[in-house]
Amino acid sequence: MVDRFDESSVTQAAERVRQLLADSRSTVAFTGAGISTESGIPDFRSPGGVWAQNQPVYFDDFMSSEDARYEYWRQKAQAHQDFADAQPNITHHTLAEWERDGRLVGIVTQNIDGLHQAAGSQNVLELHGTAREVACMDCDWREPADRWVRYCLTEDKVPECPSCGKARVKHATISFGQSLPTEVLRTASSWSRQAELYFALGSSLVVHPAAGLPQMAAESGAKLVILNRDETPLDALATAIVRAPLGDFFRSLAELGS
Ligand SMILES: [Zn+2]
C-alpha cells in the first residue's frame, strides 16, 4: 500500500516522513536535478534546458578530437555561469542538518553542482562527478574549475594541463559515454542495501545505473520515499510518494520542528 501525497497534503506528508525518520536507524538520501531547481540551476533534461540547445559532447569524441574539446569547453564555459553563483536551498540545508544530527548516513547524488557540500554535507557520493573541479584525463592533476573557465572565456582556448602539458582537461564530471566511478558506485550500493529508509528526491529515476540504487534499497527492504514532480518508474516500490515542490515539503517539515 503506497501513501500518496500532493500539494494539498504536504503537511500530512511531512508528518508521515517525520515518523518514518524517527523509526529509522539507517537513512540515505538519493538526489537528482529537481532538488537544485529552486537554487536556480536548470534541469538539463527539461524542455528548453541546456541539452535542448546544445548537442552534448561524448567522452570518446572529447578524447580523440580537438574540435570536440573546443565545443565541449564552449558549452561548459557558458553553462558554468548558471551555477557558479547558485546557493544551496532548504532541501540541501535540511539534509546537511540531518547528517550533523546523526539522522542521515549520507547522500548519493546525480548532481554535479556541489550544492550539498556548500550546505555543509560531508558524506556525499557524487555519481556523476563534480563541475566544481577540472581534471586531466592523462594524469592525476585536478583543480577548482573557476580559474580554468575564466581562462577559456578570456583566451577562447581549450586549457592545457599544467602538470603534463596535454590538452585533455575537462570538468571532473562523468560525460556521456564515460563509465561511473567504480569505488563511488560500490559505496553507494552498500549504503543502499543497508538502508532502512531511503529518500529519492527530485530525480526522475530513469537514468541508469544511478536509478538502480533506490531500486536496490527498496528490494533490500528499505522504506522508499519518493519526492518528485512527476511519476517515476519506481513508484510501485514506494512506501510514500510526495508529488509537490520539494521546497514546500521541506518547509512544512521545518514547521513541524524536525
Ligand atoms: Zn595532465
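This is a predicted model: local features need pLDDT of at least 70, side-chain atom pairs count only at pLDDT 80 or more; totals for chains, interfaces and linings use all residues.

Q: What are the ideal angles for four tetrahedral donors?
A: The ideal is 109.5 degrees.

Q: OK, and which residues coordinate the zinc ion?
A: Four cysteines do it through their SG atoms: Cys136, Cys139, Cys161 and Cys164, at 2.3 to 2.4 Å. Along the chain, the donors follow the spacing C-x2-C-x21-C-x2-C.

Q: Where do Cys136 and Cys164 sit in the chain?
A: Cys136 is in strand β5 (residues 129-136), while Cys164 is in the loop between α7 (146-155) and β7 (169-173). They are 28 residues apart, so this pair links distant parts of the chain.

Q: Is Cys136 buried or exposed?
A: Cys136 is buried, at a relative accessible area of 6%. Cys164 is partly exposed, with 33%.

Q: You mentioned β5. What sheet is that strand in?
A: β5 belongs to an open sheet of three strands, in the order β6-β5-β7, with antiparallel pairing. β6 (142-144) and β7 stand at the edges with a single partner strand each, so one side of each has no neighbour in the sheet. From one strand to the next, the twist averages 40°.

Q: How many bridges are there between β5 and β7?
A: Five, in the antiparallel sense. To spot the pairing in the model, look for Gly129, which stands opposite Thr173 in β7.

Q: Which helices go with that sheet?
A: Helix α4 (residues 66-84) lies across β5 and β7, running at about 45° to β7. There is also α7, which packs on the sheet and touches β5, β6 and β7. The direction of α7 makes about 85° with that of β6.

Q: Switching topic: what's the order of strands in the sheet of seven?
A: That open sheet goes β1-β10-β9-β8-β2-β3-β4, with parallel pairing. β1 (3-6) and β4 (124-126) are its edge strands, each with a single partner, so one side of each is left without a neighbour in the sheet. Neighbouring strands there are turned by 15° against each other on average, direction ignored.

Q: Can you show me how a couple of those strands pair up?
A: Take β2 (residues 27-31) and β3 (residues 106-109), which pair in the parallel sense over four bridges. Val28 has Gly106 in β3 as its bridge partner. Then there are β8 and β9, which run parallel and are joined by five bridges. In that pair, Leu201 stands opposite Leu227 in β9.

Q: How covered is β9?
A: Mostly covered: four of its five residues are buried.

Q: And which strands does helix α8 touch?
A: Helix α8 (residues 182-194) packs on the sheet and touches β2, β3, β4 and β8 (197-201). Its direction makes about 130° with that of β4.

Q: What about α10, which of its residues are buried?
A: In α10 (residues 246-255), the buried ones are Leu246, Gly247, Phe249, Phe250, Ser252 and Leu253. What covers them includes α1 (10-23), α5 (90-100), β8, β9 (223-227) and β10 (240-243).

Q: What comes just after α10?
A: Gly257 is there, with a positive phi of about 80°. Gly257 is exposed, at a relative accessible area of 66%. Gly257 and Arg18 are 239 residues apart in sequence, yet 9.4 Å apart in space, C-alpha to C-alpha.

Q: Which residues other than glycine have a positive phi?
A: Asp156 is one of them, at about 55°, and it lies in the loop between α7 and β7. Leu205 also has a positive phi, near 55°. Leu205 is found in the loop between β8 and α9 and counts as buried, at 2% relative accessibility. Most residues other than glycine have a negative phi.

Q: Where's the cis peptide bond?
A: From His208 to Pro209, with omega near 10°. Pro209 is in the loop between β8 and α9 (212-219).

Q: Last one: what are the domains?
A: The domain assignment gives domain 1 (1-41 + 87-127 + 180-258) and domain 2 (43-85 + 129-173). Their centres, taken over C-alpha atoms, are separated by 28 Å. The contact takes 14 residues from domain 1 and 11 residues from domain 2.

Technical notes. Residues are numbered from 1 along each chain as its sequence is written. Side-chain values use heavy atoms; hydrogens and water are left out. Donors are N, O and S atoms within 2.8 Å of the metal (3.2 Å for Na, K and Ca); water is not among the atoms, so sites may look incomplete. Helices (H or I, at least four residues) and strands (E, at least two) are DSSP runs, numbered from the N terminus. Buried means under 20% relative accessible area, exposed over 50%, partly exposed in between (1.4 Å probe, protein chains only). Two strands pair if DSSP finds at least two bridges between them. Axes are lines fitted to C-alpha atoms, for helices over the stretch in contact, and angles run from 0 to 180 degrees between N-to-C directions. Contact means heavy atoms within 4.5 Å. Domain bounds come from an automatic or database domain assignment.
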